[in-house]
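Dear colleague,

Please open it first, and then read the notes below beside it.

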Amino acid sequence: MKQRIKIDKTAPNTGVLNFSYLLDAPAGKHGFTKVKNGRLYFEDGTRAKFIGFNMPTRSNTPDHQSAERLADRFASLGINVIRLHAADAPLGPSGWSSSLDNPLIDYNSGSSRHFHEEGLDRFDYFVAKLKEKGIYVQVDLLVARAFQDGDDLDYPDAPGFPFKSFTHINERLIQLQKEYATKLLSHVNPYTGLALIDDPAVMTIQIANEDSAIKGTADIKNEKGIEPYRQELQRRFNRYLLAKYDTRKNLAEAWTFNGICALGEDEDPEAGTVWFPEGDFYQVPNHPMGEWNGNVSPARYADFIEFGIDINKRYYGTMIDHVRSLGAKVPINTSNLLNGAADVYSHSDGDIMENNTYFNHPMPPFHQDTLVVPGMREYVTSNPLKVHEDGIYMRTEMLQMATTAALRDKPFILSEWNEYGVNPFHSTAFLSMAAYACLNDWDGLMLYCFHTSESWNDQPDDVIEDIFDAYNDPSLICQFGFMASIFLKGLVRQAENKVDLVFTKNDLLTLPPSFSMPNTFLPYITNMRNVFLDQGDIYTGVADVAVTAGFLNNGDLSQAERAVYFAWSPYRDAMRHASDGGRLERLANETDELLPGAKLGDQTLVFEDIASLAGNGNYTTFAKNLDAAFKRWGLLHHDRGLVGNALVSDTGELESDPEAGTFRIRAKGCSYFSGNPVRGISLTNDMSLSLSNQRISAAALPLNGTSLERAETILLTIIGETGMDETIFTVEGFVTTVNHQGKLYADTPEGTLFVRCNSATLTALDTVGVPITQIEGTPFEDGMNFTLDGTIPAVHFLLERK
């Protein structure tokens, strides 16, 4: 039943909803974070795991009272990390901008090279208050800096707005970034007595947010001041081509296939007139068997990607060396929002990997009452195996995209993610991502974002004013403590097997639209990581299974314990100079079992024609064949892997069934159900729900001891749809317009809770843990029934049984 509720952004949780016990204050007491065996640890050997929020732009410089209240609120939710994000943003009156009066960077000075005294004081105080509570910080260096004419730039007419890509290329912009890093990291915080480089409360330092020379700049090419930077990029690309090929003739020959030359008649590297491929937000896919001619030719793409990899690696190497020279002691991250193999590889020289991923992300313009959402989906019914079935390859599932940047030998943190509350039933996303993060043994989860505000009391507790400010999203905030408990305490077990997705150097120079096909299945059932072969094509890792990336027809997995082969192209290289058309057929000789579109042996699975099998964007048969192989190889029990339409983890604890519309966690220390409750919900052997809600999420967390079955005190969170209770949804073809109206609500449970016990009490709690009322139980068979009629404005319940 829809019940209006309120969620205050700074009121700390109390009683059983106070999850501050998950933190170990003060932050840094165990020493600096370090990388050990590909994971994060503290200096004293304690495993380091982090869960929290981004605090962007003006929220980095709250007044002192707001800093104190926010730190209290964060700790009570179980938050142990805050990403200090975009503190370099340009000035603005509100929202995604720095404070007009108290920014970190003093843009009013005419440059972006000086700190604002009051803004810096606020920033320092915020870090100190977080540290006191046991909350670590990630420090971002370049995010939204708007370079100014007063910065002594190489070109006149500074754009005056944040821009990407050229910050990796232009030497003056790199010098300015080094200067900023020096000032920010070496400045001594008067409230902690430490510079950020000396403070173990800093978890990691990120060089540049969502930035890469590979992504492209087509979206801003006509903006003021950008053209000189694009010309510089073109000059450098042409010089690279000359260094590689020496003459236009050699370049033209390299870019020729079957008599077609991809180099235009008016293009000459000696004249600097060879154009680079256009792109924007992500690394743009380029099918290895795509059209050869024009600006999207695989040849032009391959050379530009090789050039971009070199630019990225040089830039990040330079910046990492500078930050290390300042005395930084913590792991360093390069960037995030990585969604292509070359982009990931070119960011892999940092100590840890990060990535961003979203679901139902609205289109610009943002921060409006009315939001436009392309292809809006319901998380629990969205099938990853069919995510590209309609030919929209930019669409992803959150786990699918996140894992494109998870490397076998490095810690992994999801630095931005969210299922924004445009779809009323979105609670599934949060717990499922935390559970799969445990299965895949990730190191951190940081949601975007808590709020974009510098004050504790300037946003309402009963209205969603900005969908990106998640401080009062009931689906997220009411489940946050449960999510933090799962992740920080490891209540969901790590996978029993390890699978490596293997990329050769040649694979990096192309990008089939279905490049993330393996990610739509493998990380849902086991531990999947990526491996880049820097020397040669031979994989020498020790994973249980090695899977070729399959962009091209290369990669030698003969030394792997078990191997999976496929190829989107018959050629070994993106230039189509070397063919090995019979390779997969020869590998298939090692098999003895025929599967649909594949052949299976004791150690090898070979897909001879992956384009016919999965080229339509439906990866179900691909997954079925992997499942059959894993079961033959003894890696999956019969009731794990792909079971009917369900994806079941190799531990047996996680089950996602998008066709039935359900997601489940069945673990010793917790239980969770989300989706369609039509068949009833069994939380434990002794506890079940029978509800009439169309959609519901139900979490059970023991509060005494580790076993849910034996716990006497259990925290239940039961929540359905949430949002604004008068919101209007208008669907026009592929696009849904969401017009937020009314007040904040949560759909409360309607039905019965059965508990097998001698006696029990059930208390309804408000959103911060204050008791509202006790719900009377009635004896039923060998236990008690509690009637949940939906009239109580509560989604939290304290169950005490005997």
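Predicted model: local features only at pLDDT ≥ 70, side-chain atom pairs only at ≥ 80, totals over all residues.

The chain has 15 helices and 42 strands, and its C-alpha atoms fill a box of roughly 90 × 75 × 55 Å along the principal axes. For 802 residues, a compact globule would have a radius of gyration near 28 Å, and the 27 Å found for the chain agrees with that. Of these 802 residues, 64% count as buried, and among contacts with a separation of 6 or more, 71% join residues 24 or more positions apart.

Helix H2, which covers residues 117–133, reaches 25 Å from its first C-alpha to its last, close to the 24 Å expected for its 17 residues. Because twelve of those 17 residues are buried, H2 is largely enclosed by the rest of the structure; among the buried ones are Leu120, Phe123, Tyr125 and Phe126, and also Arg122 and Asp124. After H2 comes Gly134, with a positive phi near 95 degrees.

Finally, how many disulfides does the structure hold? There are zero, and since a disulfide needs two cysteine sulfur atoms within 2.5 Å, the distances are worth checking. The sulfur of Cys438 lies 8.4 Å from its closest cysteine sulfur, in Cys670, which is too far for a bond. Cys478 is in no disulfide either, as the nearest cysteine sulfur, that of Cys449, is 18 Å away. Cys438 is buried at 2% relative accessibility, and Cys478 is buried at 7%.

With best wishes

Notes. Residues numbered from 1 in each chain as written. Heavy atoms only, no water. Buried < 20%, exposed > 50% of the residue type's maximum accessible area, 1.4 Å probe, protein only. Helix = DSSP H or I, 4+ residues; strand = E, 2+ residues; numbered from the N terminus. Expected span 1.5 Å × (residues − 1). Rg over C-alpha atoms; globule rule 2.2 N^0.38 Å. Contact = heavy atoms within 4.5 Å.
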